[in-house]
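Q: Hi! I have a structure open and would like to go through it with you. Can we take it one piece at a time?

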Amino acid sequence: MTAYHHRTEEAHQLIPPGGYTDQHYFEIEQDVIFSRYWNFAGMTDDIPNPGDFRCTQAGRYPLVVVRDDEGEIHAFHNICRHRGTQFMEGSGNSPKGLQCPYHKWFYELNGNLKAIPREDPLFPGIQKDQMGLMPAAIGIFRGLMFVHPDPTPAETFQTFCASLEDKIGPHQPNQMVELGVSRHEFEANWKMVVENYMDAYHLFYLHERSAATFDHEQFEWDTTGRHYLFYEPVVEKYRHWADKVYGDGPIGVVPGTDPQTYGGTFHMLFPNIGWVGMAHSWSTFHAIPVSAERTIVESRIRVMPDAAEQMKSSRRFEDRFNKGDINLVTLDDCPTPPMESDNLMFEDMWACRQMQRAMHSPAFKVGAMARTFESTLTFYQRNVLDFVTYE
Ligand code: FES
Ligand SMILES: [Fe+2]
């Protein structure tokens with residue numbers, strides 16, 4: 001495995017436009033990044049009880065995570081050992097074990113093949129103990145589940161995590177309560193969406209009002225392993241904004257943060273799972289690749305248990321999560337021109353779409369990139385280039 005890259009002040013566009021527009025490269029990325037790397041697969045509390053399962057995808061590999069009777073979480077290939085059906089769908093609870101509907105082969109929650117209908121006489125000599133579900137690897141970090149199609153990956157989960165434990169900050173999402181999930185459609189390549197998230201230069205301009213509470217001038221960034229870590233404090237004049245939202249009581253404050261000064265962490269765990277930690281919340285920014293030019297960003301937002309009820313009944317929550325339903329928000333849903341919306345997501349959706357469109361022009365080129373503020377993208381692209389060669 002290539003040595004990791006580090007923080008840099010240089011800023012260069014290293015991936016050519018075709019890397020963002022060409023479906024051929026999208027397919028290669030599915031093969032050599034997502035099929036061979038750790039993928040975010042949800043939270044451990046998505047599957048709290050024995051028999052709870054959740055299907056997920058790691059590049060080409062359909063996988064399923066399952067909690068067994070001892071409370072242990074396993075990841076398996078979602079492939080029946082009989083004829084190979086992708087036999088589990090969605091998520092749910094199947095306390096006795098996992099059964100393939102096609103011919104009803106039945107697996108225990110630990111993956112062992114338990115029963116084959118009419119084993120005798122139809123499968124003479126079959127060795128059931130060799131026919132359990134194929135294992136995949138699972139790693140858990142503060143409640144986030146990561147899966148890898150290879151049960152013994154070259155890059156272990158410990159290596160993948162690098163120094164995240166020391167550097168990622170105080171948020172413990174596994175001790176927070178989920179308010180809902182929002183999904184936004186970006187008409188852009190997944191790397192463009194990630195790079196836009198990591199671009200510290202646009203915060204001043206595209207988000208002049210929508211991100212005005214943060215002091216971008218004081219931003220700090222760091223790296224560990226392939227991951228990017230970003231923090232910025234609250235600007236002086238917004239120090240008391242939190243009081244207006246939450247009243248006088250110090251409710252809902254994430255331990256280890258001071259709402260007067262703590263702005264936000266906007267990390268990106270390679271390759272596509274953003275970690276957004278603020279004084280009162282934590283959320284994901286999961287840039288899920290759909291095609292070369294379409295990405296869905298899934299944000300799961302969590303708050304401290306003592307603020308959950310208040311937040312759930314707030315107008316802000318209703319607006320954002322539509323009472324917890326999962327909707328796909330598109331640019332067409334923006335009630336105003338996106339640049340007049342003062343909505344950070346719509347602004348980003350617009351900027352990504354417009355960059356994506358321009359990349360089809362033979363005249364497209366990146367003229368220059370800002371030192372430090374856009375060198376975050378260079379760091380990211382170097383990591384991508386460890387996996388993929390773009391012409
Ligand atoms: S394919 Fe699963 S039981 Fe036949
Ligand atoms: Fe942005």
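Q: Which strands make up the open sheet of 3 strands, and in what order?
A: The order is β6-β7-β8, with antiparallel pairing. Strands here are DSSP runs (E, at least two residues), helices are runs of H or I with at least four residues, and both are numbered from the N terminus. Two strands pair if DSSP finds at least two bridges between them. Keep in mind that this is a predicted model, where local features need pLDDT of at least 70, side-chain atom pairs count only at pLDDT 80 or more, and totals for chains, interfaces and linings use all residues. Residues are numbered from 1 along each chain as its sequence is written, chains are lettered from A and ligands numbered from 1 in the order in which they are written, and side-chain values use heavy atoms, leaving out hydrogens and water.

Q: New topic: what coordinates the iron ion (ligand 2)?
A: H202 and H207 each use NE2, and D348 gives two OD donors, at 2.0 to 2.4 Å. Donors are N, O and S atoms within 2.8 Å of the metal (3.2 Å for Na, K and Ca); water is not among the atoms, so sites may look incomplete.

Q: Where do H207 and D348 sit?
A: H207 is in the loop between α6 (190-198) and β12 (220-224), while D348 is in helix α10 (residues 344-358), 141 residues apart.

Q: Last one: what does strand β11 pair with?
A: β11 (residues 177-186) is joined by 9 bridges to β17 (residues 294-303), running antiparallel. It is also joined by 2 bridges to β18 (residues 328-329), running parallel. E178 has R302 in β17 as its bridge partner, and H184 stands opposite V329 in β18.

Conventions
Buried < 20%, exposed > 50% of the residue type's maximum accessible area, 1.4 Å probe, protein only.
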